[in-house]
Structures are given as structure tokens and as C-alpha cells.
Amino acid sequence: MASGSALDSPYPAGTIEMQTPFFRALGLDLSDYFPGTLNVSIGPSTFQLINPEFIFRAVEWTDRHPPEDFSFTRCRVLFQGSAYDGWIYYPHPETKKRNFQAPSTLEIIAPKIPGITDKCRIEVEYNPLAVVIC
């Protein structure tokens, strides 16, 4: 899981933690989720969000760079026989100024998942009307 709390991060609280109040004010409450992302490689494939449930434009969540656009769509993370509801989190790269993800990386906001670590294999269920894997 990535929390944005690396020692060299310009966001000591983590980006998701900082963004959560802005998303809540716009109608998406992420307070029950871990304040970071599962970074899931689907390489060599890539993905596109074609019909996300939420699109937030020009979110001014920091004074360190211009506002950003974000999209979200529901998903489920399957790990060790359990299912966890989550959100595919997509900061639009055309409005993002730093920390770009590869187009083959899904960023997922989910609850804290017991036992999950880097390099674990998981499955992700998603709505094929919202997400296209290319």
C-alpha cells in the first residue's frame, strides 16, 4: 500500500488523507478506507475509465500545485478468500503535476486488508461498463 508518507514526501500526512475531506464535500466519503492506495500492476495491459461513478474537476486540495481532476469507480479486492469493497482512484494525468503512475497501474482505495503486503497477488472485480482493460 502507498500512503504518501515516505520520508521525502512533500505531503507528510499523505495525499489521500489530505484529499479525503475534499472528496467527502463533493459526495464521496472515503473515511472508512485506508488513507493510501493499493498499486496494482495489470501490465502489460493498461486501462481506461470510460464511465466512472464520480468525476471531480479542479479539486484544490493543496497549494503546492494547480487543481487536479479525479475519477472514481467501485471495485472489489479479492484476497485470501475475502472480498473488500473499494474504489479505483484515478487522478487525471493531464492535471497532475507529480507522482505519475504507469498506465498499467490501477490505484485502489480499500479498507486496511489484513496480511496484504507488497508483491501479494490479488484479484480485482470491476464494472466492465466503467473500466476497460486494453
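Visitor: Is Cys134 buried, exposed or partly exposed?
Guide: This is a predicted model: local features need pLDDT of at least 70, side-chain atom pairs count only at pLDDT 80 or more, and totals for chains, interfaces and linings use all residues. Residues are numbered from 1 along each chain as its sequence is written, and side-chain values use heavy atoms, leaving out hydrogens and water. Buried means under 20% relative accessible area, exposed means over 50%, and partly exposed lies in between (1.4 Å probe, protein chains only). Cys134 has a relative accessible area of 48%, so Cys134 is partly exposed.

Visitor: Is Cys75 buried or exposed?
Guide: The relative accessible area of Cys75 is 4%. The limit for buried is under 20%. Therefore Cys75 is buried.

Visitor: How many disulfides are there?
Guide: A disulfide needs a pair of cysteine sulfur atoms within 2.5 Å. By that rule, the count of disulfides is zero.

Visitor: In what order do the elements of the chain run?
Guide: Helices (H or I, at least four residues) and strands (E, at least two) are DSSP runs, numbered from the N terminus. The chain has one helix and eight strands. From the N terminus on, the order is α-β-β-β-β-β-β-β-β.

Visitor: What percentage of the residues in the chain is buried?
Guide: The chain has 134 residues. Among these, the buried share is 40%.

Visitor: Which residues is Ile108 in contact with, leaving aside its neighbours within four places in sequence?
Guide: Contact means heavy atoms within 4.5 Å. Ile108 is one of the residues with the most contacts inside the largest core. With those neighbours left out, the partners of Ile108 are Gly36, Thr37, Leu38, Val40, Cys75, Val77, Trp87, Ile88 and Val124.

Visitor: Is Glu107 buried or exposed?
Guide: Glu107 sits in strand E6. Not counting residues up to four places away in sequence, Glu107 touches Thr37, Leu38, Asn39, Trp87, Ile88, Tyr89, Pro91 and Gln101. Its relative accessibility is 8%, so Glu107 counts as buried.

Visitor: How many salt bridges are there?
Guide: Side chains of opposite charge can pair when their charged atoms come close. A salt bridge is a side-chain nitrogen of Lys or Arg within 4 Å of a carboxyl oxygen of Asp or Glu. By this rule, the count is four.

Visitor: How many residues apart are Arg74 and Glu53?
Guide: Arg74 and Glu53 form a salt bridge, with the closest N and O atoms 2.8 Å apart. Arg74 is in strand E4, and Glu53 is in the loop between E2 and strand E3 (54-59). The pair links distant parts of the chain, and the separation in residues is 21.

Visitor: In the salt bridge of Arg57 and Asp69, is Asp69 buried or exposed?
Guide: The N to O distance in this salt bridge is 3.3 Å. Arg57 is in strand E3, and Asp69 is in strand E4, twelve residues apart. Arg57 counts as exposed at 52%. Asp69 has a relative accessible area of 11%, so Asp69 is buried.

Visitor: Which strand holds Glu125?
Guide: Glu125 forms a salt bridge with Arg76, the closest N and O atoms being 2.8 Å apart. Arg76 lies in strand E4, so the pair ties together parts that are 49 residues apart in sequence. Glu125 belongs to strand E7.

Visitor: What is the angle between the planes of Phe54 and Phe56?
Guide: Rings of Phe, Tyr and Trp (its six-membered ring) pair if their centres lie within 6.5 Å; planes under 30 degrees apart are stacked, over 60 edge-to-face, and the rest tilted. The whole structure has nine aromatic pairs. Phe54 and Phe56 form a tilted one, 5.5 Å centre to centre. The angle between their planes is 40°.

Note on methods. A nonpolar core is a set of buried Ala, Val, Leu, Ile, Met, Phe, Trp, Tyr and Cys residues joined through side-chain atoms within 4.5 Å.
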